[in-house]
Amino acid sequence: MQGFFTQIEDTEEVRQGDIIRQLNPKNGLTKRLGIVITADCDIAQNKNGERYTWLEIVPMAAYVEGPWAQEQLRKLSEKRSKGVLEYLNGQIRKRDPSLTALTREALVLWLRSKSAEEILASTTGKSPASGDKQLRDLQAFALTVSSDETQSAFSRLKGAWTLYGTDEKSQQDNVRNAFKDSGGFQDYFVLPELPRETGLGFVVMLRSMWSLMANELYLTEQDARINDRPDAFHRLGRLNDGIRFSITQKLAFLFSRIGMPTTFESACETVAELTVEEFFKKKVQEA
C-alpha cells in the first residue's frame with residue numbers, strides 16, 4: 001500500500017482516519033466507502049454521542065462522471081449562456097421589437113420541449129444549416145442544461161465540448177487538470193488506492209458528510225457477518241497520520257472560509273482604487 005496506511009490489529013478501536021465500507025449483501029459488491037473524521041479525543045472521551053462522522057469516498061471514475069462533470073456543465077452553461085441569449089434576442093428583436101427579451105431560465109424551459117433546430121427556426125424564420133455555428137452553440141448549451149437522466153453528466157459534457165470545438169487532447173487535459181492541486185478551495189481529496197478494494201484512484205468527497213451510529217460499524221467484515229449484519233459498515237484499514245491530518249485540515253479550510261457579499265467586495269475594491277489614485281496624485285504634487 002505504498003506506506004499510505006498504518007498497520008493495525010483487527011481488535012483496535014475505531015479512530016479518525018479509518019476507512020470503512022458497506023457491501024451489498026445480495027452481490028457482495030461495494031455499496032459505499034468512507035473515512036471516519038471524528039476526532040480521536042472525542043472518541044476516546046465518548047464525546048461523539050456514540051456516533052461517528054464520516055466522509056464519502058467514491059472511485060475516481062465515478063467522481064469524474066458524476067459530481068465533477070456536473071460542476072463543469074454548470075460553469076460551461078454560465079459562461080456560454082450570454083452569447084447564446086444575445087444572438088437569439090437579436091433575432092427576436094428583428095422580427096418583433098415589442099417581444100420581451102428571452103432570459104436564461106426561459107431558454108432552459110424552451111429547450112425542454114423544443115430542439116435547438118426548432119428554436120432557431122422560430123427565432124430566425126428559417127431552418128438552420130447543418131454545421132451552422134449558432135446551431136452548434138445552442139445544441140451544446142442544451143447539453144449543459146439537459147435533465148435527461150439517460151445520459152451521464154460526463155457524456156453530456158464531452159458532447160458539449162465537442163460542439164464548442166474543444167479537441168480530444170484538450171478534453172483529456174481538462175480531466176487531468178481536475179486533480180492537480182492548484183490552490184483555492186478544492187472540495188475533494190485524492191487517494192491513490194484503498195485496502196481490499198480493486199482499482200486505483202479514489203476521491204474523498206469533502207462536502208459529502210454523514211453520521212453513523214457506533215453499533216452500526218464493525219471492526220472487520222467477519223465481525224459483521226458473525227453478527228448477521230452483512231449489510232453493515234466494517235473497517236478496511238487506517239490511513240497514516242500525515243494523510244488523515246491533511247484531509248481534516250483541508251476539510252476545516254473548506255468550511256471555515258467566509259464569503260462576503262458582492263457589494264462589500266466591490267466597495268473594498270473601490271476604496272483600494274481611490275487610495276491608489278490619491279497616493280500617486282500626492283506623490284506627483286510633492287515632486
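Where do Glu71 and Arg74 both lie, and how many residues apart? I opened the predicted model with that one in mind. Both sit in helix 2, three residues apart, which is about one turn of the helix.

My search of the whole structure turned up 18 of them. I looked up Arg238 with Asp18, which meet at 2.5 Å, N to O. Arg238 is in strand 8 (residues 233–239) and Asp18 in strand 2 (residues 18–23), so this pair ties together parts 220 residues apart in sequence. Both residues are buried.

I then checked Arg229 and Asp231, whose side chains meet at 3.1 Å, N to O. Arg229 counts as partly exposed at 24%, and Asp231 does too, at 31%. I also noted a salt-bridge network linking Arg21, Arg196, Glu197, Glu221 and Arg225.

On to Ser208, in strand 6 (residues 202–213). Is Ser208 buried or exposed? Its relative accessible area is 14%, so I put it down as buried. The Ser208 side chain makes a 2.9 Å polar contact with that of Trp210. Leaving out residues up to four places away in sequence, Ser208 touches Trp54, Leu55 and Glu56.

Helix 2 (60–95) and helix 5 (133–144) each give two or more residues to its lining. Among the lining residues are Tyr87, Gln134 and Asp137. By class, I noted five nonpolar, one polar and one charged.

Terms used: Residues numbered from 1 in each chain as written. Predicted model: local features only at pLDDT ≥ 70, side-chain atom pairs only at ≥ 80, totals over all residues. Heavy atoms only, no water. 1 Å grid on protein atoms, 1.4 Å probe; cavity = no way out; pocket = protein on both sides within 12 Å on 5 of 7 lines; lining within 4 Å. Helix = DSSP H or I, 4+ residues; strand = E, 2+ residues; numbered from the N terminus. Nonpolar A, V, L, I, M, F, W, Y, C, P; charged D, E, K, R; others polar. Buried < 20%, exposed > 50% of the residue type's maximum accessible area, 1.4 Å probe, protein only. Polar contact = N/O pair within 3.5 Å; in protein donor to acceptor, adjacent residues only side chain to side chain. Contact = heavy atoms within 4.5 Å. Salt bridge = Lys/Arg side-chain N within 4 Å of Asp/Glu carboxyl O.
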